Amino acid sequence: MSAAMNQSMVLPVAIPAMTAAILVLVSRYGLGIQRLVSVVATASQLLAAIWLYSIASDGETRVYLLGYWPPPFGIVLVLDRLAATMLLLTGVLASCVLGSALGTWDQRGRHFHALFQFQLLGINGAFLTGDIFNLFVFFEVLLIASYGLMLHGGGPRRLKAGFQYVAINLVGSTVFLFAVGTIYAVTGTLNMADLAVKVRQVAAGNEALLAAGALMLLTVFAIKSAMVPLHWWLPPTYGSTSPPAAALFAIMTKVGAYSIIRVYTLIFGAEAGPMAGVALPWIMPVAVLTLVLGTFGVLASRRLADLVAYSVVASMGTLLIAIGLNSAGGLAAALYYAVQSTFTSAGLFLLAGLIVGREDDRPAVVETPAEAQSTGIMMALAALFFLLAIAMVGMPPLAGFIGKLLILDAGRAGGQIGIVWPAVLITSLLLILGFARAGIRIFWVAPERVLDDARPTTRILPIAAIVAMIAAMAALTVFARPVMSDMTSAAQQLLAPQGYIDAVFNSMPRAAAMVTP
Amino acid sequence: MSMEFLLATAIGAMAAVGIYLILLRRTFPVVIGLSFLSYAVNVFLFAMGRLAIDLPPIVSKTAAGYTDPLPQALVLTAIVITFGMTALIVVLSLRSFLETGSDDVTLNTGSEDVASARREEPRL
């Protein structure tokens, strides 16, 4: 039975890989069958994620050996609580985003569904992998798919923003390769568990080289998670892309945060000897700066999509503050906040697409959208905007409040109250101002011109997807205690990396005899 | 002038050229700069396998020892990935030029963006 459980770990990677290939093959039979295949695949990934979460809840770290090669040499997939949590988050988000794209955005260009599945392949693989070069490969898979998704729908603005997005991520990939090369040259291995062992034994002359590699790796993850000063790509990219793509990209920044957590607790964590905490002094100040700049961006935005993108930057700053606290409470708060901010950002991007009415992407001839929809629809959109805004800003009763509260509590417990509390509280006030002003300008300003162009009515599926995400956040609030106990267990498992290392080396008995950890 | 010095200088020079080109304002130099950066990183990865003279990377009965095959595999992977990305960015820059009429890399190049924003969407 446990062997079957271990084998089922590969499902979140195998299902989208096969489905994407099938989708490209059936693409000539029309969009209907593509939608069907994609919905079935995404639903089965969600079921697989729920199953994996349930089996990871017993606290045991499970390992899957790709090709049954022995661990330090072969590539491993590792399922612990953190990976299972992120997989479940991806599954739920992907289902909601796919639901919102059906019938509206997926016909704006070719191969939306295949690109969607490739994107999920990259994201799921990045969360599961236990090998640092394999992490690079899955990063590339998810980046290439994201280029395709980002450009979906075309248009001059999107193409220009897409070029910048592709260019900066290619530079990031290059730096990733330099970092992995440096780390390999010093330690001689690419397996994360083996790196955790070898890093402790680094020779004194190679310490500087290894530290350089570790910090280059931090730079790459900083690009992905929009840490200042590498956050400039995010607002143009997320502000110019189609709403479902932007909603799915809400989890891509979390992939960067996940990588930081994984690498700097497992490999360069507290037990890494001379390399212990090599990245820590950088994370907290940069996180505060990210939060502040993101908030200023929210106040300065003139377009709704830009405002949401800058609020994503600000939420990443908050998340990184929690990670930088480097305690079990801080990491648990970071995980809770990551989950709820993903739903909030995705909901806001979908809502921004509905408000502006970009379903058909034609330039509109109406000055404000108040005339564009029926009053009932606009009232519903206003209510959704209100709920999502208070969730993003961190006001009660939704999960954003609990997330920020947990971060403030972890900051107080960690002794960094002087930095964390002013940063989070003052920026929350400024974010309230920014979102309130946006809501007033969109929903309360009287229309200045009459409608010249007939606009299609808003479909029900995107609104249903947004409501589903708000319901998920309400569930996170109501069930905050059990969720937080799970997150605390995940954080404690992360801060005790020996369990991970032992699980990887014991996954194949012959290997344990070949390599002495 | 040892071989290591030559190799390190070559990697550094290619990386410097690549970084300079990436910071230029038109799409084609950016693409060429990314190619130079990928050359630099591939040579770097290959050099990470250390120098082993006259030794094969593949198992053979007549070999006295082996050179490290893993960096060679890493280089192959990196070359293939970068090749795909370069093809994508070339087509993207061409399409962007055809749609907008200019190969300027920067966004917000002036009046057309402000006007379209005013037309399309609510200003906050």
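Q: In this predicted model, what makes Ser240(A) count as buried or exposed?
A: Its relative accessibility decides that. Ser240(A) comes out at 3%, and buried means under 20%, so Ser240(A) counts as buried.

Q: Where does Ser240(A) lie, and which residues does Ser240(A) touch?
A: Ser240(A) lies in helix H10 of chain A, residues 234-240. Leaving out residues up to four places away in sequence, Ser240(A) touches Arg157(A), Arg158(A) and Ala161(A).

Q: What does the side chain of Ser240(A) reach at 2.6 Å?
A: The backbone oxygen of Pro236(A). The cut-off for a polar contact is 3.5 Å between N or O atoms, and this pair sits at 2.6 Å.

Q: Over in chain B, why is H2(B) called roughly antiparallel to H3(B)?
A: Helix H2 (residues 27-47) and helix H3 (residues 70-100) of chain B pack at about 175°, with axes 9 Å apart. Angles over 145 degrees count as roughly antiparallel, so H2(B) gets that label relative to H3(B).

Q: What classes of residue make up the contact of H2(B) with H3(B)?
A: There are 11 nonpolar, 8 polar and no charged residues. H2(B) brings in Val31(B), Leu34(B) and Ser38(B), among others; H3(B) contributes residues including Ala78(B), Ile79(B) and Thr82(B).

Q: How do you know which stretch of chain B to treat with care?
A: Look at the pLDDT. Chain B averages 85, and 85% of the residues score at least 70, but over residues 110-120 of chain B the value is below 50. That stretch has 12 contacts in the model beyond near neighbours in sequence.

Definitions and conventions. Residues are numbered from 1 along each chain as its sequence is written. Chains are lettered from A and ligands numbered from 1 in the order in which they are written. This is a predicted model: local features need pLDDT of at least 70, side-chain atom pairs count only at pLDDT 80 or more; totals for chains, interfaces and linings use all residues. Side-chain values use heavy atoms; hydrogens and water are left out. pLDDT is the predictor's confidence in each residue, from 0 to 100. Contact means heavy atoms within 4.5 Å. Axes are lines fitted to C-alpha atoms, for helices over the stretch in contact, and angles run from 0 to 180 degrees between N-to-C directions. Helices (H or I, at least four residues) and strands (E, at least two) are DSSP runs, numbered from the N terminus. Angles under 35 degrees count as roughly parallel, over 145 as roughly antiparallel, 65 to 115 as roughly perpendicular and the rest as oblique. Ala, Val, Leu, Ile, Met, Phe, Trp, Tyr, Cys and Pro count as nonpolar, Asp, Glu, Lys and Arg as charged, and the others, Gly among them, as polar. Buried means under 20% relative accessible area, exposed over 50%, partly exposed in between (1.4 Å probe, protein chains only). A polar contact is a pair of N or O atoms within 3.5 Å; within protein, one must be able to donate a hydrogen and the other to accept it, and residues adjacent in sequence count only if both atoms are side-chain atoms.
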